[in-house]
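Here is a friendly walk through the model you have on your screen. Keep the viewer open and follow along, one region at a time.

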Amino acid sequence: MKFASEFRDPKLAKALLAEIAKLADQIGASKEKPVHIMEICGGHTHSIFRYGLDKLIHEGVEFIHGPGCPVCVLPRARVDECIEIAQKEGVIFCTFGDAMRVPGSKLSLLQAKAEGADVRMVYSPLDALEIARRNPAREVVFFGLGFETTTPSTALAIQAAAREGLTNFSVFCNHITVPEPIKALLDDPHMCLDGFIGPGHVSMVIGIHPYDFIAQYYGKPIVVAGFEPTDLLQSVLMVLRQIAEGAARVENQYARVVPEHGNKVSIAAIEDVYEKRPSFEWRGLGEIDASGLRIRTSYRAFDAEEKFAIGYAGVRAVVEEAEGCACGAVMTGRMKPPACPQFGKGCTPEMPLGALMVSSEGACAAYWQYGGARAAE
Ligand code: SF4
């Protein structure tokens, strides 16, 4: 197939749905006893709702929405630290747009901007680098946020800044990794997961083998998937086939984009610039060992944490979630968004209380955008 429309072909989707239904019946999956498949990535969650796959699929298959939205898993303390940096004299704070409205304990970056902080929306860390070149008398800080998908581009910006000898550019590094939170979920005795749909764009960088432990040690199938509706349906079918066989493998449905061993150039940039933190705090999951990246000491001149003695390099305060917010339970798949007492009441896309309602990849935003008012009722 060559064109996006071919991956949205209703005939193909119907055929896949029929095969899924047959297999689900065969393994005894039912509404009362469903197979729980976690789609780790928020982009997958949005595709599922955008194309109504949750309604079309056999009732014995339940999608559990995972923690794969980097904005959503950012704890409030980290947002507060962004604002602390942004409000410093002479700082230009650059961020991707979806982080602008994420609420901290007092303000969002957008509100800090309204109060006078120089917060600018950029599309790439290279935009922030250009702002630094043009403003040598100002300190330009880029909010490095995201999984392995965005980690290499921030690394390239840091390498470029080092090559050019820029002294007014730094990164507030909040890059995180996917395998460790999956391990944390699998170790959680309250979680009941039968298989995973893996994030295709992350595997484009890291390949499929960082997920080997899911099959080998936990005995669960995982299929790395694309983002079109037939990609997702085919991936569900592949997971069910493994369950029917009693097998657990890492499979690659998104082979048209994902190389088995990832992208060597990106992996080399990541290894050059970052090292693992001993642990990192995730909203809803708490501290997870080795799940975050920090900038290596060889690039410490570009580390905003060091420059401003903030966050993990300084003193960290624990900041509780807003009252009545169930982001943690939704994030770990233990609650569906409409079950949150704030959904559609204290929390809407116009007035978000939690990050899951703000981010373009958040599960609450997906429920709201594709049938939110009905769900709220
Ligand atoms: S509805 Fe709002 S408060 Fe509730 S879980 Fe979603 S984002 Fe958090």
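Ala309 is exposed, because 10 other C-beta atoms lie within 10 Å of its own. For burial, C-beta atoms are placed from the backbone, and a residue is buried with 20 or more others within 10 Å, exposed with 12 or fewer, and partly exposed in between. This is a predicted model, in which local features need pLDDT of at least 70 and side-chain atom pairs count only at pLDDT 80 or more, while totals for chains, interfaces and linings use all residues. Residues are numbered from 1 along each chain as its sequence is written.

Ala309 has a positive phi of about 45 degrees, although it is not a glycine. You will find Ala309 in the loop between α13 (304–307) and α14 (327–331). Helices (H or I, at least four residues) and strands (E, at least two) are DSSP runs, numbered from the N terminus. Ala290 also has a positive phi, of about 50 degrees, without being a glycine. Its place is the loop between β12 and β13 (293–295), and Ala290 counts as partly exposed because it has 14 C-beta neighbours inside 10 Å. Most residues other than glycine have a negative phi.

## The sheet of five strands

Now look for an open sheet of 5 strands, ordered β2-β1-β7-β8-β9 with parallel pairing; two strands pair if DSSP finds at least two bridges between them. At its edges are β2 and β9 (250–252), each of which pairs on one side only. From one strand to the next the twist averages 25 degrees; axes are lines fitted to C-alpha atoms, for helices over the stretch in contact, and angles run from 0 to 180 degrees between N-to-C directions.

Helix α11 (residues 229–245) packs on this sheet, touching β1, β2, β7, β8 and β9, and its direction makes about 165 degrees with that of β8. Contact here is between residues whose C-beta atoms, placed from the backbone, lie within 7 Å. Strand β8 (residues 222–225) runs parallel to β7, joined by 4 bridges, and Ala225 in β8 is the bridge partner of Pro199.

## The sheet of four strands

A further open sheet has 4 strands in the order β4-β3-β5-β6, again with parallel pairing. Its edge strands, β4 (118–121) and β6 (169–175), each pair on one side only. Strand β5 (residues 139–146) is joined to the parallel β6 by 7 bridges, and Gly146 has His175 of β6 as its bridge partner. The parallel strands β3 and β4 share 4 bridges.

Helix α7 (residues 151–164) lies across β5 and β6, running at about 160 degrees to β6.

## Buried helix residues

How many residues of helix α2 (residues 42–50) are buried? The count is 8 of its 9 residues, with His44, His46 and Phe49 among them. After α2 comes Gly52, with a positive phi near 65 degrees. In helix α8 (residues 179–187), Glu180, Pro181, Ile182 and Leu185 are buried. The buried residues of α8 pack against several elements, including β1 (35–41), β2 (61–68) and β7 (195–199).

Methods
Two residues are in contact if their C-beta atoms, placed from the backbone, lie within 7 Å.
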